[in-house]
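Dear colleague,

Please find below the structure that I am handing over to you. A summary of the findings follows it.

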Amino acid sequence: KRMQGNKDFAVSEDTREIVQASVLAAFVLGAVFALAVQCIYAPAMRVLGVFGEAFKLGRLYTAIRCFGLPFFAVAVTFESAYMGEREVMTPLFGFGLGMLSTIIFQVALIHPSYGGLTSVIGAGTAVSIGQLVAAGFLLVRANKQGFFSISQTVRRSSKNLPKLLRKTKSLLIKSELGNSAFWLFCGSASRMLIYTLCTALATQIGVIPAASNKYALDIYFFVCYLIEPLFTLSTILLPKKVKTNKIEAWWMIRILFYLAIFAAITLSCATSLSISLAGHLNLIEPELLKSVTSVKPYVVASVGASSFALALDGIRVGMGGAKNVGQAQVFNLLLTVALAAWMKLYAPGSESFALNHVWVLMLLFQFLRVCEHVYATVNKYSYLLDENR
């Protein structure tokens with residue numbers, strides 16, 4: 001048995017085996033996805049017209065980021081397992097610790113005086129370390145709480161890995177956890193690739209735009225993380241209510257929806273204030289500040305749309321729509337990449353591609369997420385509305 005708040009409950013052997021199977025599959029999936037990203041990087045950048053030094057720096061950054069993908073997939077799987085057990089604080093603390101580690105290493109490893117190459121290595125390393133810290137913390141906690149047995153997994157892997165992989169496949173087919181974790185990972189990976197795309201495009205424009213984009217993304221990541229508790233709350237509260245009491249579920253969805261709107265507006269204001277304060281307090285160089293200020297409206301709007309979309313992600317995942325959320329974000333990724341190629345190569349004025357165009361792509365990706373949630377709410381979950389009118 002293990003403790004959750006004031007409640008004492010047992011983790012069955014079946015649950016432990018399903019979690020272990022999901023974690024192993026997630027690590028393998030993350031590694032395969034990382035290799036796939038490396039394979040498609042060169043052709044994708046050629047389509048987007050990225051060559052020369054920007055291509056090399058982007059390749060290096062992507063390779064370092066891909067190192068963290070298997071660990072990120074493991075962390076997302078543990079998050080799904082904890083959500084299934086209605087445990088909120090452990091995954092929040094784990095990802096918070098990972099984000100804090102990323103910020104510390106970014107401050108230590110990134111500075112204009114270090115040069116472009118060192119800064120790119122530092123940026124990728126900081127994010128990968130954060131993912132490794134989050135996965136490591138959740139792995140140790142899960143082992144301690146009975147969700148996962150490190151010694152058992154290592155022992156079985158060393159004895160007969162093919163047999164373990166076959167059993168893993170069988171358990172995942174029977175379990176909903178593996179399917180949910182897979183699509184949550186696809187959604188998160190799609191967002192990561194959009195951020196990587198924006199970084200590569202900004203790097204090609206020049207040193208100042210690249211540094212400005214990095215600063216804007218740092219603010220974006222930090223502020224958007226603050227919406228995570230609302231996402232987690234939705235995924236924990238809604239599943240049972242949807243099955244047992246649709247009236248209460250409907251009211252809970254309305255409350256969470258209004259909270260999402262309030263949080264998105266609040267975080268957008270916080271982003272605007274952060275950029276303004278950076279200028280008033282002389283925290284960044286004047287030339288860099290001018291560049292960041294030029295994309296401030298897009299950054300603020302992206303934070304609002306992303307925060308709102310992530311909160312609605314939680315509502316849809318809580319209602320059993322993890323697959324739809326993941327599929328929609330993969331589609332959004334492909335559409336955004338296609339638009340980026342058109343803007344870079346064929347659009348009128350493509351030769352003057354600037355940092356504001358990069359953030360237009362970011363905003364489009366987030367806006368598509370919001371639109372899909374509105375569509376899904378009206379069409380797929382209208383039965384809840386019909387029963388309570």
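How many helices and strands are there in the chain? There are 15 helices and two strands, where helices (H or I, at least four residues) and strands (E, at least two) are DSSP runs numbered from the N terminus.

This is a predicted model, in which local features need pLDDT of at least 70 and side-chain atom pairs count only at pLDDT 80 or more, while totals for chains, interfaces and linings use all residues. Residues are numbered from 1 along each chain as its sequence is written, and side-chain values use heavy atoms, with hydrogens and water left out.

Of the 389 residues in the chain, 52% count as buried, that is, under 20% relative accessible area with a 1.4 Å probe and protein chains only. Contacts (heavy atoms within 4.5 Å) between residues at least 6 apart in sequence join, in 82% of cases, residues at least 24 apart.

The largest nonpolar core comprises 97 residues; such a core is a set of buried Ala, Val, Leu, Ile, Met, Phe, Trp, Tyr and Cys residues joined through side-chain atoms within 4.5 Å. Helix α2 (residues 52-84) gives the most to this core, with 13 residues. Met45, Phe78, Leu201, Trp359 and Met362 have the most contacts inside the core. Beyond its neighbours within four places in sequence, Leu201 touches Val50, Ala340, Lys344, Phe353, Val358 and Leu361. Another core, of five residues, lies apart from the largest one and includes Leu57, Ile110, Val120 and Ala123.

Ala216, Tyr220, Val223 and Cys224 of α8 meet Val299, Ser302, Val303, Ser306 and Ser307 of α12. By class, this contact has six nonpolar, three polar and no charged residues; Ala, Val, Leu, Ile, Met, Phe, Trp, Tyr, Cys and Pro count as nonpolar, Asp, Glu, Lys and Arg as charged, and the others, Gly among them, as polar.

Yours sincerely

Technical notes
Buried < 20%, exposed > 50% of the residue type's maximum accessible area, 1.4 Å probe, protein only.
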